[in-house]
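I opened this entry to record what I looked up, item by item. The sequence and the coordinates come first.

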Amino acid sequence: MLSVSNLHATVDDKEILKGLSLDVPAGEVHAIMGPNGAGKSTLSYVLTGRQGYEVTAGGATLDGEDLLALEPNERAAKGVFLSFQYPLEIPGVPALTFIRTALNAQRKARGEPEVTAPEFLKLARAKAAELKIDFDMLKRALNVGFSGGEKKRMEIFQMAMLSPRFLILDETDSGLDIDALRIVADGVNALRSPDRAMLVITHYQRLLDYIKPDRVHVLAGGRIVASGGPDLAHELEREGYDKYARAA
Amino acid sequence: MSVLSAIRTRDAAELPGKRDEAWRWTDLRGLIRQVPEASAAFDPSSLRAGPFDALADEVIVVANGQGAAHIGVEPGETKVVALRIVSRGDGAHAARISVDVEVSGRLTILESYEGEGAYLGQTGLAISLAKDAAVERIVLAADDADGVTVSQAEVDLAPGSSFAQTALTSGARRQRIETVVRHPGGHADLRLDGVYLLADRRHADLTTIVTHSAVDGVTQQLTKGVVRDQARAVFQGKIIVAEGADRTDARMGHHALILSDRAEVDAKPELEIYADDVACAHGNTVGALDEDALFYARQRGIPEPEARALLTEAFIGEVVDRILHGGARDIVRAWSAERLRA
């Protein structure tokens, strides 16, 4: 599904990713762990096409298609979704309006018919109930005045509504208490399927108790320096990133 | 010297220009060398329906200055009047409209400007509110890109009355919408809002002057606008609080988005306060669209032009939401959405 090879990327002329390679096949959940400053968020922004993140070498493909050649919205229409570490506030745009605009834009880009207002509202009510989101909150401006935890839950709500194929979760556990974490993890796990894949970026192992990864990668110094099964996350939790940070 | 006298005398020297402090950013003298001949009259019955016709009890059409009108509201009466100012051709014309709302009368004025041609038009409105009268005035100015228009309203409030205005414009070759309010205090309530959405080389000037002459007056103003291409917006908001006009509460905000390097916004908020016990504040900001929010919207699949329109619409939405008349608010919102996607 996602294939990243020898990816080099700079931010403000500073090289952050230094030859990162990674394969995430369909149906799998991969975790990326690493110390602060290793390049975890940079990877998520490069894959989604944020301005200011320049790819200097290497590439990334989704189902064989060059992801880096596409506009951010085209990547989204192909099914790439990033749950932001710090979701943005969108003053004046009700959450439902925003999500419906996004959903219909994606469908249009894929040549699918737009969803009607009643269909959309029915879906939104169902997903909001699953994620224990008060429906009235969806009528308010997106993320404006929401707590950190509410914003994260709203990311997962958008994810559930847009039904992406490749999910990137960037530090989705930060700001969540245990109950909220469980709800969010349930929401993410509900999207696990043989034709989807996920990249879970996290600093702590905690999230991985709820979203169980198939593979764990250690990102340090802009490269993947170790890969293993789920046990690797526990080892990192016990022993820290020191030896990998030094190796990088 | 005024636009009106220039049109009447056909003397371009009568036009205000950049040497006049109040007109320095809307220079008509430098723009118009020769005042055009008087516009020919035309039959307004050939026009298609105006933007607010369906909402009004009464529709008044002023065509090339012809059909000067009086709008009267009896004590306790409530009505909605659509006032259409239509210009055709390359001539000059002026119109006078007087509005009198008697004690406890309620009036909604749905005023629209539209035109085709390189005309010079001036519209003067004298609006008078008796005690406890309430007026909402919505101005939708959709002039021709080649037109030059000046709309000048003088508003007299009585104690206990309320006047709420929202002026929306897409500009013209040069355009000014001016509102002068004599505010008597006495718990009279004033709201003066504005929205400008300017593209290409269009120009719009929203100028307001409010004089609080006695105690206990409230004024709130919120103007928001967007300029792109080589458009130019002017906002001049002046609030004068006379000596003794204590307990005046006046707030003014002007916020602009500049979407291109060659677009321009000139803003002059002025508070002149001669009373001691007042609450006055003004805020003025000029900025660009939030790039992070733009990326966020695009990551969700919204193409850049639509993302920009959505965020811009939301930015001016704060002003549009303050319109009291629901039907007019919907029309104005749809008009704005269309302008932002044009």
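I am working with a predicted model. For local features I keep to residues with pLDDT of at least 70.

**Contact between the chains.** I looked up how many residues of each chain take part. I find 21 residues of chain A in contact with 17 residues of chain B. On the chain A side, the elements giving two or more residues are helix H2 (72–77), helix H3 (95–109) and helix H5 (148–162) of chain A. I noted H3(A) as the largest contributor to that side, with five residues. Sorted by class, the side of chain A that touches chain B holds 13 nonpolar, seven polar and one charged residues.

**H5(A) against H6(A).** I then took a helix pair within chain A. The axes of H5(A) and helix H6 (residues 178–190) of chain A come within 10 Å and cross at roughly 15°. Angles under 35 degrees count as roughly parallel, and H5(A) and H6(A) are therefore roughly parallel to each other. I logged their crossing as left-handed. From H5(A), the contact uses Gly149(A), Lys152(A), Arg153(A), Ile156(A) and Ala160(A). H6(A) answers with Ala180(A), Ile183(A), Val184(A), Gly187(A) and Val188(A). I get six nonpolar, two polar and two charged residues for the contact of H5(A) with H6(A).

**H3(B) against H4(B).** Next I took a pair in chain B. Helix H3 (residues 304–320) of chain B packs with helix H4 (residues 326–341) of chain B at an angle of about 150°, the axes being 10 Å apart. The cut-off for roughly antiparallel is over 145, so H3(B) and H4(B) are roughly antiparallel to each other. The crossing of H3(B) and H4(B) is right-handed. On H3(B), I list Ala309(B), Thr312(B), Glu313(B), Ile316(B) and Val320(B) as contact residues. Those on H4(B) include Arg329(B), Val332(B), Arg333(B) and Leu340(B). The residues of this contact of H3(B) with H4(B) divide into six nonpolar, two polar and four charged.

**Nonpolar core.** Which residues touch the most other members of the largest nonpolar core? I find Val200(A), Val135(B) and Ala233(B), in a core of 174 residues. H3(B) gives the most to this core, with eight residues. I followed up Ala233(B): leaving out residues up to four places away in sequence, Ala233(B) touches Tyr196(B), Leu198(B), Ala204(B), Gly225(B), Val227(B), Ala256(B) and Val265(B).

**Ala92(B).** I placed Ala92(B) in strand E4 (residues 92–101) of chain B. Is Ala92(B) buried or exposed? Ala92(B) is buried, because 24 other C-beta atoms lie within 10 Å, and the threshold is 20 or more. Beyond four places in sequence, the residues that Ala92(B) touches include Ile7(B), Val35(B), Pro36(B), Tyr119(B) and Leu120(B). I also checked Asn64(B): Ala92(B) and Asn64(B) are 28 residues apart in sequence and 7.9 Å apart in space, C-alpha to C-alpha.

**Arg262(B).** I found Arg262(B) in the loop between strand E15 (248–258) and strand E16 (264–273) of chain B. Arg262(B) is exposed, because 12 other C-beta atoms lie within 10 Å, and 12 or fewer counts as exposed. Not counting residues up to four places away in sequence, Arg262(B) touches Asp229(B) and Gln230(B). Arg262(B) and Ala214(B) are 48 residues apart in sequence and 43 Å apart in space, C-alpha to C-alpha.

Methods:
Residues numbered from 1 in each chain as written. Chains lettered and ligands numbered in written order. Predicted model: local features only at pLDDT ≥ 70, side-chain atom pairs only at ≥ 80, totals over all residues. Axes fitted to C-alpha atoms, helices over the stretch in contact; angles between N-to-C directions. Helix = DSSP H or I, 4+ residues; strand = E, 2+ residues; numbered from the N terminus. Parallel < 35°, antiparallel > 145°, perpendicular 65-115°, else oblique. Left-handed = near helix turned anticlockwise from the far one by under 90°. Contact = placed C-beta atoms within 7 Å. Nonpolar A, V, L, I, M, F, W, Y, C, P; charged D, E, K, R; others polar. Core = buried A, V, L, I, M, F, W, Y, C linked by C-beta atoms within 7 Å.
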